[in-house]
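Hi,

Here is the structure I promised to pass along.

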Amino acid sequence: MTTIDEKATVSASRTSFGELRLHGISRAYGAHTALHPFDLTVRGGEFIALLGPSGCGKTTALNSIAGLLPLTAGSIELDGRRIDTLPPEKRGFGMVFQSYALFPHLSVRRNIAFGLRMRKVSKAETERRVNAVLDLVRLTEHASKLPGQLSGGQQQRVAIARAIVLEPPLVLMDEPLSNLDAALRLDMRAEIRRIHQEYGLTTLYVTHDQEEALSLADRLVVLNLGRVAQVGTPAELYESPRSAYVAAFMGYRNILSLCADSVDGGVATVVGDGVRLVGTVAGSVAAGAVSAGSAVQVAVRPEDLKIVAEGARGDVSVAFEAVAEVVEYHGREFQVDALTRAGNRVHLRTPERVAPGDQLSLTVDPRRALVFAAESESGEAGDAG
Amino acid sequence: MSAVTAAGAPKLALRHRLAERGVDRTLLLILPGVIAIAALFCYPFIYGLGLSFQPAKGGVFGAYSAFFSDSFSSGTIWKTFSLAIPSSLINVGLSVPISYRMRGEFRGKRLLLTLLVVPITLGTVLTAEGILEYFGPVGWFNLTLQKLGLASAGHPVTLINDYWGVLFSLIISGFPFAFLLTHSYLSGIHPALEKAAATLGAGWWQRFRFVTLPLLLPGLLTTFCLTFVLGFSVFPSAIMVGDPDGKTHVISIEAYEQALQNFNYPQGCADAMIMTALMLLVIGLVMGVRSFFYTGSTGGKG
């Protein structure tokens with residue numbers, strides 16, 4: 001029998017830990033590096049989201065932290081104690097799987113009690129703690145059902161309850177909402193945030209949905225092809241993305257590949273493909289990377305692309321012309337997909353009535369058009385913590 | 001289509017009602033199977049059952065009482081069980097750790113799978129010949145023991161024409177089936193379940209004991225039934241590598257001898273019926289136990 005070594009086990013305590021340090025952790029599968037070395041410091045009580053498209057290494061990072069995948073390099077320290085050499089069962093982190101991974105042969109109550117049973121917690125104490133989390137996730141009346149008899153949202157809450165009943169120092173969540181329908185996803189998002197706060201958890205949350213990440217997290221880590229693209233608060237990332245890649249994730253749906261015509265301080269005039277506009281040089285590589293003649297990427301949010309009215313053509317400089325192609329009615333506004341003369345597709349939102357085939361003259365506020373050096377290096381390690 | 005006449009309506013409705021109950025033309029597809037089972041199984045079985053109640057002497061149950069009153073005949077029950085139960089337990093028991101290791105993808109998996117399953121293609125006779133050569137008095141096995149000084153040249157270890165030869169044969173021919181079944185049951189269990197158990201503090205033994213084993217047990221019991229039936233009806237190897245007049249005088253040999261050597265057909269049929277009843281009894285018991293376990297979805301690809 002494997003008994004849990006008290007010294008080796010990370011003591012589960014409701015009072016959060018000080019900090020969890022990831023030092024250059026990386027993971028390679030043969031010649032393919034799924035996760036390039038990255039550093040991150042997680043403070044107790046934080047809610048951190050790892051954001052990126054599928055295949056960007058975010059689940060690899062999570063599994064490595066949980067101990068389900070061995071690290072290729074780097075180390076993990078919890079309050080100065082090295083834990084990356086411990087097997088998953090001795091790290092004591094809670095994990096919520098994308099597939100929920102509920103034990104199908106055990107009732108909801110026994111699923112939740114599983115971890116306590118492994119730790120040989122007394123019956124009375126187990127009873128008390130399981131009841132408390134059942135109440136927290138509002139599943140008390142379903143306690144004796146099997147997981148197969150529950151809806152997706154209920155299964156999701158069992159998975160969360162099972163992970164947090166041990167009062168783990170860190171809860172890892174792997175795209176927990178991706179199997180739920182849209183309406184339920186919104187409810188569960190609020191639920192997860194509520195549980196995080198009520199239980200004083202520290203949460204590391206993997207998702208590919210930027211809306212989920214922005215609304216839930218205290219800090220975001222954006223990953224691109226196994227490298228950290230940017231780390232920061234939702235506001236920092238939303239307002240000043242460091243690369244076109246991060247910008248695209250933060251709602252800058254229009255990314256145009258153009259050429260810098262002239263650069264004056266933080267302002268650049270960019271041209272190409274029949275487009276001429278003035279934008280703000282952005283990103284950490286601002287100094288010197290964008291110069292006259294260099295290739296750039298310009299990021300603009302759909303809501304910042306404005307239609308220039310017929311009468312105002314003289315007052316406002318038109319950035320480019322486009323023909324409306326698809327118009328969706330969204331209540332207070334229209335979502336328009338338009339094609340520029342050079343064949344680039346642009347997205348805009350406008351309260352004005354637009355019909356497919358309409359010729360649109362578009363402009364953008366220079367402060368709202370972000371100019372990044374093209375082929376922005378996403379290799380620099382995140383300077384979080 | 002829109003103009004359905006009033007007269008046509010009831011006819012359509014009948015067809016719909018039948019279809020609701022699963023009665024339609026595709027039902028004809030099972031007809032060949034039904035005919036084959038009726039002609040090749042049901043009829044001979046019922047005929048044999050009837051015959052077993054018509055012995056030359058002793059009344060309706062004469063053949064049955066003859067079987068149980070003769071210790072050589074009734075002794076076959078114990079002999080058959082003592083081959084079928086250990087061989088099934090060994091086959092299932094060996095399958096579990098091997099399948100457990102064979103989960104997931106790794107280099108050489110296909111080769112290993114092929115090696116483990118190849119004995120299926122060997123006929124019982126070929127296996128028996130191999131056992132006779134290998135485990136015989138001057139076979140490699142005994143020669144190796146002699147070289148190691150574990151057996152003397154004059155007294156080789158007796159394995160063939162004995163209980164052990166038949167047991168080996170049942171393992172060689174039964175293991176591939178047990179392994180293939182166990183392997184597919186095990187790959188039907190989602191790997192995330194064990195990972196979840198690990199993050200909840202379960203060590204490898206606890207993960208197996210509390211998660212994998214309970215989910216695998218129904219499959220193991222089914223596998224046990226299959227290899228048990230194979231072992232209980234052992235016939236050629238019991239003759240070729242066994243001791244058919246003594247230690248491996250199993251029930252199928254008894255039935256064969258009664259029917260085709262003594263030409264006592266009713267007695268042979270009665271023996272076969274007893275054999276069937278015993279197998280059904282064991283399968284019924286095992287399935288009864290199986291119903292106590294969770295037998296629903298286990299989330300994997302199986």
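**What turned up**

Chain A is assigned two domains, domain 1 (19-239) and domain 2 (253-373), with bounds that come from an automatic or database domain assignment. Taken over C-alpha atoms, the centres of these domains of chain A are 39 Å apart.

Before you read on, please note that this is a predicted model, in which local features need pLDDT of at least 70, side-chain atom pairs count only at pLDDT 80 or more, and totals for chains, interfaces and linings use all residues. Residues are numbered from 1 along each chain as its sequence is written, while chains are lettered from A and ligands numbered from 1 in the order in which they are written.

In chain A, the strands β11-β12-β13-β20-β14 form a closed barrel of five strands with mixed pairing. Strands (E, at least two residues) and helices (H or I, at least four) are DSSP runs, numbered from the N terminus, and two strands pair if DSSP finds at least two bridges between them. β14 (residues 295-300) and β20 (residues 370-373) of chain A run antiparallel, joined by four bridges. Val298(A) sits opposite Val371(A) of β20(A).

Now to the chain contact: 23 residues come from chain A and 22 residues from chain B, where contact means C-beta atoms, placed from the backbone, within 7 Å. On the side of chain A that touches chain B, α2 (88-91), β6 (94-96) and α3 (108-118) of chain A each supply at least two residues. α3(A) gives the most to that side, with three residues.

Happy browsing!

How values were computed: Contact = placed C-beta atoms within 7 Å.
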